[in-house]
Protein chains: 2
Amino acid sequence: MKSLKSVLPILEWAPAYTRTEAQSDLVAALIVTIMLVPQSLAYAMLAGLPPQVGLYASILPLIAYAVFGTSRALAVGPVAVVSLMTAAAVGQVAAPGSAQYLTAAITLAFLSGLVLVAMSVLRLGFLANFLSHPVISGFITASGLLIATSQMKHILGIRAEGDTLPEMLTALFGGLGQTNPYTVVIGVSATTFLFWVRKRLKPLLLARGMRPRPADLLAKAGPVAAIVVSILLVVGFGLAERGVRIVGEIPAGFPPFALPSFDLGLWQKLALPAVLISLVGFVESVSVAQTLAAKRRQRIVPNQELTALGASNIAAALSAGYPVTGGFARSVVNFDAGAETPLAGAYTAAGILAATLFLTPLFRFLPQAVLAATIIVAVLSLVDVAAIRRTWAYSRPDFAAMAVTILTVLLVGVEAGITAGVGLSLLLFLWRTSRPHMAIVGLVPGTQHFRNVDRHSVITDPAILSIRVDESLYFANVRALEDAVYDRVASQPALRHVILMCPAVNAIDASALESLESIAHRLQSAGIGFHLSEVKGPVMDALKKSDFLTGFAGQIFMSQYDAVRALQTPATAPAKLASV
Amino acid sequence: MKSLKSVLPILEWAPAYTRTEAQSDLVAALIVTIMLVPQSLAYAMLAGLPPQVGLYASILPLIAYAVFGTSRALAVGPVAVVSLMTAAAVGQVAAPGSAQYLTAAITLAFLSGLVLVAMSVLRLGFLANFLSHPVISGFITASGLLIATSQMKHILGIRAEGDTLPEMLTALFGGLGQTNPYTVVIGVSATTFLFWVRKRLKPLLLARGMRPRPADLLAKAGPVAAIVVSILLVVGFGLAERGVRIVGEIPAGFPPFALPSFDLGLWQKLALPAVLISLVGFVESVSVAQTLAAKRRQRIVPNQELTALGASNIAAALSAGYPVTGGFARSVVNFDAGAETPLAGAYTAAGILAATLFLTPLFRFLPQAVLAATIIVAVLSLVDVAAIRRTWAYSRPDFAAMAVTILTVLLVGVEAGITAGVGLSLLLFLWRTSRPHMAIVGLVPGTQHFRNVDRHSVITDPAILSIRVDESLYFANVRALEDAVYDRVASQPALRHVILMCPAVNAIDASALESLESIAHRLQSAGIGFHLSEVKGPVMDALKKSDFLTGFAGQIFMSQYDAVRALQTPATAPAKLASV
């Protein structure tokens, strides 16, 4: 049963499900439902989809995750960044509002699901490691800015399209003349109110003597208050007739069964976005899940998370939804509200279903400006200026990768941004490892230790070059070793022996092996011996599998001290004392 | 003057040029010229270009290299692999034989030159490190096979076009009926003769008492004999009228001044091929140059080689040539024949110019089959089956990169092949480094040393987890560390402290720093302390620049022994003896 349990984690906890756990899960589900209904409507709008699609994406996917997921608290569903990525990808293949647009979104969810499941089966989760933290952080910051800007048109009540920051700003300024005053009042009030709720309400309630947990929950219900008040205002003052754009009629009922398109041309166009959405969604989701699991000493299985998120996305596709992943804020709320098992997610799904069945008429008069306000307030918390400053202070290459990601997202687009960031961070990584730390070493007088000649007073022998490499040898850095050795050979005429000291060499790949061979041959043809010392056991085992040792004219010494003692000739020893 | 000398290495050796050096250079140039004339004609045919273009590519580029190059023996000019890559790239944008085809080849040389100079100026030579040895070796082996197959049509005297191995073989079998018997006799005889000269002539001459050097040179003159004899046969028996295809009229005269196309669309199409040609040419060239330089303890400056090869390619473009690089065989001949300075290359250029001015009428009746035979014999020496076997034995990931390169080159094309090989080797490298070697360590009884619990009988404490990472921590491997720590925390309920032992951690990037922070916070929230031990000096310096230490609740110990002694509680010590 162990293997079945690892594929279906539900079998792990469901048989022992207790009444106490059920109570906790139900309370958590109620709170998450209240939070998720407006978010689902808002993020569907952000993705350019009808509002009910956001609700559909918050039902079946949650049940799929409850069956397959290993996190007890992760809440999946539509999230801001993935909604933006969906809009960018689907907007390239279909016009917003068209049937093709919806089909493309469903297909994107399906493809993301396939990619995630394939990554799980093929154990390709390590691909997520391509996304370094600065790239992810820069991507999310830039996405947050882009999303907030994209929502300004709803706050102003104007039409303003654009995919990049300059396009959006141009369209916004160009459309300022068409601003609808009622919309602006509602939008600005809602945004201000939600910011106030987020930043000030909880401290205020605590100061008035409320206990932390209800204070927290009351603060989380802020969007609900904004929604109720704004609907009442729209209905009471007939604002829809005065140009305030409202959500409009949302069809009530169960999510329909849907099928993705199987048009190969569409699949090709959506393949890269699907991969990027999968990777970004997976990285974010696992990060949240691990943070929450660690607090209760629970365990997340990243490879199983791929399956679970894949199943969630396929479920989203089959129920007319769009790509989903684990959301940060809602998972924390779920955890804080006491969710004990993934069933909390299934209960949330039931809550959203109930809302879809019975509450949709209520949202008809909800102003789009209020949804935009909830999005703006949510995504501005994604903008992490401190991370930018921190990265700048700690590492310039990491900062460069982050800056390129941010600028490319803002000026070109989300896919280009993440691709550029990943490409640059790989390039910078290779650049760094292609110049490993190497030291010319000498003997510390009176000891058997060898140290860097640039840092210590050590004894060296002009006929012997001892060089230590502080890195595994592989294709990207062996040329640096070759260059260093040849430079030294050309500049040190008395040289008779080169000893490569290998205590920090954890591996030698085929390129490095060939380089060592050619160094040995080239030095030999110049009458110089080439030797190794302090080769680690596993590396020695690998060398023995190759024919390196049979063709190797030099010696391999257990210690650098043995090497220098054996190779020193009476004529050159005692050697000069080099101190720098 | 030092900086000027480093840009114009000619200033280094020219002022002290001696009569003895001049004599050596002239002899070497004469021999290389004899070898290079037929090669230039043959490789131009391989590239799909008129024969004189090969000669033009062997004049000005050699002079440019003589001015800028740091190798004393490298002989640049048209080479087989780059000719194949040129044919593949140019064939995609123009029809062979058209004026556009020639313009595209000239433009490709110009772009390669720009890429190489840009790489030199921007210090991007490290990009060549992307090409691991197995990928390069597989690429050259597959190119050799592809080139040899492509030349079979000339040996059979048939028309057979195709870009991939299956296409070529299909066309060859389909065209067997049109085989020209005279051509086959000439082609097969020439191939057999050239193979015999290459493998057997020198040993035979040595056995007859000839001294090694003249024997070697006589063997190198084999192609000249084949050319002379075949021309006489064609003229004597009127074979051109019997269907033996000949080179035809080659216009005599100086290389014309040419300009590349400045059509941006063409530049875009040729950009990737130009980058790949630059990288492959640079890697091959530097490798030959370093091998030869090491024999005389001379020095190659890789970055300056980029400038020199860039200048050579721009010179090729401006004189109606096509992409060039340093050739292996001709450089070895140049070196063995005694070339002392790059002036030998300039003398060779003069020799080729003389041939272009005065000898072209002689080549009119040269059968294409003989040129094909010289190509086949030359490129089959590029096929390195031993390298394939060696790589298989030593490393499966390296072998996979090599196999994918070979198969993709043969079945799809040269550009796809090298791109797939580089992509896969990077992926495999990341995959390997994303799972660094980590060991849970314990105290060796009676010492202060800590060793892997899986390999040694050591003392561990159930309340303390000591984990050692044998790799620098960076974005691709920190998640593995997180997973390992969280797994252990979830399965070891008595755990109170985790100590990360860092003697092999040479660097911590921004992603790893954040991971360490989140490990610390997550463990803290589970009531577990997180500490570091044996952090290297440079890593500690970097940590001090960040705000990591201010937020770090754990301790940093000089030694693992200090750490365990400080964190051990009387209740848990003395600990159980874990031996595996």
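How many residues lie between E3(B) and E4(B) in the hairpin that the two strands form, and which residue in the turn has a positive phi? In this predicted model, the hairpin of E3(B) and E4(B) has six residues between its strands, and Gly446(B) in the turn has a positive phi of about 80 degrees.

Of the 580 residues of chain A, 53% count as buried. Among the contacts in chain A with a separation of 6 or more, 81% are accounted for by residues 24 or more positions apart.

Within chain A, the axes of helix H10 (residues 181-207) and helix H12 (residues 222-237) come within 10 Å and cross at roughly 155 degrees. Since angles over 145 degrees count as roughly antiparallel, H10(A) and H12(A) are therefore roughly antiparallel to each other, and H10(A) passes H12(A) in a right-handed crossing. On the side of H10(A), the residues that meet H12(A) are Ile186(A), Ala190(A), Phe193(A), Leu194(A), Val197(A), Arg198(A) and Leu201(A), while H12(A) contributes Gly222(A), Pro223(A), Ala226(A) and Ser230(A). The residues of this contact divide into eight nonpolar, two polar and one charged.

A helix pair in chain B was examined in the corresponding way. The axes of H8(B) and helix H10 (residues 181-207) of chain B come within 7 Å and cross at roughly 130 degrees, and H8(B) and H10(B) are therefore oblique to each other. In this contact His154(B), Ile155(B) and Leu156(B) of H8(B) meet Thr183(B), Val184(B), Gly187(B), Val188(B) and Thr191(B) of H10(B), and the residues involved divide into four nonpolar, four polar and no charged.

Burial was considered for helix H5 (residues 60-68) of chain B, which is largely enclosed by the rest of the structure because eight of its nine residues are buried. The buried residues of H5(B) are Leu60(B), Pro61(B), Leu62(B), Ile63(B), Ala64(B), Tyr65(B), Ala66(B) and Phe68(B). What covers these buried residues includes helix H2 (10-13), strand E1 (76-77), helix H14 (302-318) and helix H16 (343-359) of chain B.

Between the chains, 54 residues of chain B are in contact with 54 residues of chain A. The elements of chain B that give two or more residues to the side touching chain A are helix H8 (133-156), helix H13 (264-295), helix H18 (385-394), helix H20 (414-433), helix H21 (478-491) and helix H22 (510-525). H22(B) gives the most to this side, with eight residues, and the residues of the side of chain B that touches chain A divide into 22 nonpolar, 16 polar and 16 charged.

Methods:
Residues numbered from 1 in each chain as written. Chains lettered and ligands numbered in written order. Predicted model: local features only at pLDDT ≥ 70, side-chain atom pairs only at ≥ 80, totals over all residues. Contact = placed C-beta atoms within 7 Å. Helix = DSSP H or I, 4+ residues; strand = E, 2+ residues; numbered from the N terminus. Nonpolar A, V, L, I, M, F, W, Y, C, P; charged D, E, K, R; others polar. Axes fitted to C-alpha atoms, helices over the stretch in contact; angles between N-to-C directions. Parallel < 35°, antiparallel > 145°, perpendicular 65-115°, else oblique. Left-handed = near helix turned anticlockwise from the far one by under 90°. Pairing = 2+ DSSP bridges. Buried ≥ 20, exposed ≤ 12 C-beta atoms within 10 Å, placed from the backbone.
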